[in-house]
Amino acid sequence: MKISFKKTYRFALISAFYISLFATALVMPLATILFNVSFKSILTFGVIFIFSIYIYSFIIIQYRAEHFIYRRVKKFYDDVSLLESSNLLSHPITTDMETLTREVKKFATDKKLEIEMLKVREEYRREFLGNVSHELKTPLFTVQGYLSTLIDGAMEDKTIRKKYLKRAEKGVERLIYIVEDLDMITKLEVGDLNLDFSDFDIVELIQNVFDLLEMKADKRKITLAFENDQIQPVFVHGDKDKIQQVIENLIVNSIKYGKEGGLTEVDVINLTKKKVLVRISDDGEGIEKQNIPRLFERFYRVNKSGSRSEGGSGLGLAIVKHIIEAHKEKIYAESEFGIGSEFSFTLKKVQQND
Ligand code: ADP
């Protein structure tokens, strides 16, 4: 941080004036009494005297005050470690208290902001840790419960053994799922995510996600389809894997919170010359208006107990938002309770030279 100090001479000028006035008023009558000389000589002496005293005291006061304040200001800055001492050395230090006050005020404001930021971060850390341990506890206790029951004798029964081991495995799968999401969100939040940009066909990518999630959707008899069945390839610019994750998370949610036998539709719309909008809509349970603004928060769930049984980590939408924002694009959520939800995000279109 570079501060420019304003040099002021007012203090030294006025002080020097008073000193020279006093000294001259004292010396002149004495000189008149002690040296029997003409009035003209006394006057000349007076002028030279007042002038020399004025210059001398001005220089001394200015120099001393600068150094006096310099030492203290430097110590002050050193103490509060606002600046490297060497940084200050290169600046002329001033007797101008106004500048110093302004600097101190600025320093105090900066520090206050810094403290507030640290407090927010501390709060975030505490909340994050609380949420993480809470998320991990449930599957961990499930696994522990099944394993303990097996050890305590249930192992002897072949069918129970298999059933409990399968349940324990499910718990471990869930743990892995949560840890993977946590890993992803941590990377995203520290800005450690290197996007690997390329041009790809978003329609093809969506079709791949449909294929990937077909079994999951079948379990709830949900149909995954394009809104427009004549949809043509649309080339976009982005990180293909990360965008796939976005689409996967949104479609998984539409299956989890969609109604049995319902429909999830995806559309790719030409928004402007440079942008497309990818829209994923379902006819599921919907979200109440007051919950919509909080959907993208980490660990936020509308229905705390209900959603947990669906196996989410509460991080899905937070991850989606981070990825879209890392692309410098926008994501929107709209929903009508009991009717359905719609999530959409923009992407950069590849300019076709035709
Ligand atoms: P989760 O792991 O709980 O699914 P998300 O971050 O993906 O976490 O979603 C947060 C919450 O938003 C969910 O718990 C759910 O209540 C709500 N939600 C997300 N998508 C939908 C949807 N398509 N329909 C209804 N509610 C949804």
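Arg-174 and Glu-135 are both buried (under 20% relative accessible area; exposed is over 50% and partly exposed in between, with a 1.4 Å probe and protein chains only). The structure is a predicted model, in which local features need pLDDT of at least 70 and side-chain atom pairs count only at pLDDT 80 or more, while totals for chains, interfaces and linings use all residues. Residues are numbered from 1 along each chain as its sequence is written, and side-chain values use heavy atoms, with hydrogens and water left out.

The two buried residues Arg-174 and Glu-135 form a salt bridge in which the closest N and O atoms are 4.0 Å apart. A salt bridge is a side-chain nitrogen of Lys or Arg within 4 Å of a carboxyl oxygen of Asp or Glu. Because Arg-174 lies in helix α5 and Glu-135 in helix α4 (residues 97-151), the pair ties together parts that are 39 residues apart in sequence. Helices (H or I, at least four residues) and strands (E, at least two) are DSSP runs, numbered from the N terminus. By the salt-bridge rule, the count comes to 15.

A further salt bridge joins Glu-189 to Arg-298, with the closest N and O atoms 3.3 Å apart. This pair links distant parts of the chain, since Glu-189 is in helix α5 and Arg-298 in the loop between β5 and α8, 109 residues apart. Glu-189 is partly exposed, at 28% relative accessible area, whereas Arg-298 is buried, at 16%.

The side chains of Arg-279 and Glu-342 also meet in a salt bridge, at 4.0 Å from N to O. Here the distant parts linked are strand β5, which holds Arg-279, and strand β7, which holds Glu-342, 63 residues apart. Arg-279 counts as buried at 19% relative accessibility, and Glu-342 is partly exposed with a relative accessible area of 24%. Elsewhere, a network of salt bridges links Glu-122, Glu-123, Arg-125 and Arg-126.

Aromatic side chains were examined next. The structure holds 8 aromatic pairs. Rings of Phe, Tyr and Trp (its six-membered ring) pair if their centres lie within 6.5 Å; planes under 30 degrees apart count as stacked, over 60 as edge-to-face and the rest as tilted. The ring centres of Phe-296 and Phe-343 are 6.4 Å apart and the planes stand at 85°, so this pair is edge-to-face. Phe-296 lies in the loop between β5 (275-282) and α8 (304-309), and Phe-343 in strand β7 (residues 340-349), so the contact ties together parts 47 residues apart in sequence.

Together with Tyr-124 and Phe-128, Phe-299 forms one aromatic cluster. Phe-299 is buried, with a relative accessible area of 8%. Its phi is positive, about 65°, although Phe-299 is not a glycine. A positive phi in a residue other than glycine is found for Lys-328 as well, near 60°. Lys-328 is placed in the loop between α9 (316-326) and β6 (331-336) and counts as exposed, at 73% relative accessibility.

Patches are made of residues with over 30% relative accessible area and no salt bridge, like charges being joined within 9 Å and nonpolar side chains (Val, Leu, Ile, Met, Phe, Trp, Tyr) within 5 Å. Accessible areas come from the Shrake-Rupley method with a 1.4 Å probe, and for residues only the protein chains shown count as cover. Lys and Arg count as positive and Asp and Glu as negative, with His and the chain ends not counted; the place of a charge is taken as NZ of Lys, CZ of Arg, CG of Asp or CD of Glu.

The patch of positive charge gathers Lys-158, Arg-161, Lys-162, Lys-166, Lys-170, Lys-216 and Lys-219. Helices α5 (158-189) and α6 (202-219) each supply at least two of its residues, and the largest share, 5 residues, comes from α5. Lys-158, in helix α5, is exposed at 63% relative accessibility.

The nonpolar patch, of about 790 Å², is made by Phe-22, Leu-26, Leu-30, Ile-33, Leu-34, Phe-35 and Val-37. Phe-35 lies in the loop between α1 (10-34) and α2 (39-79) and is exposed, at 51% relative accessibility.
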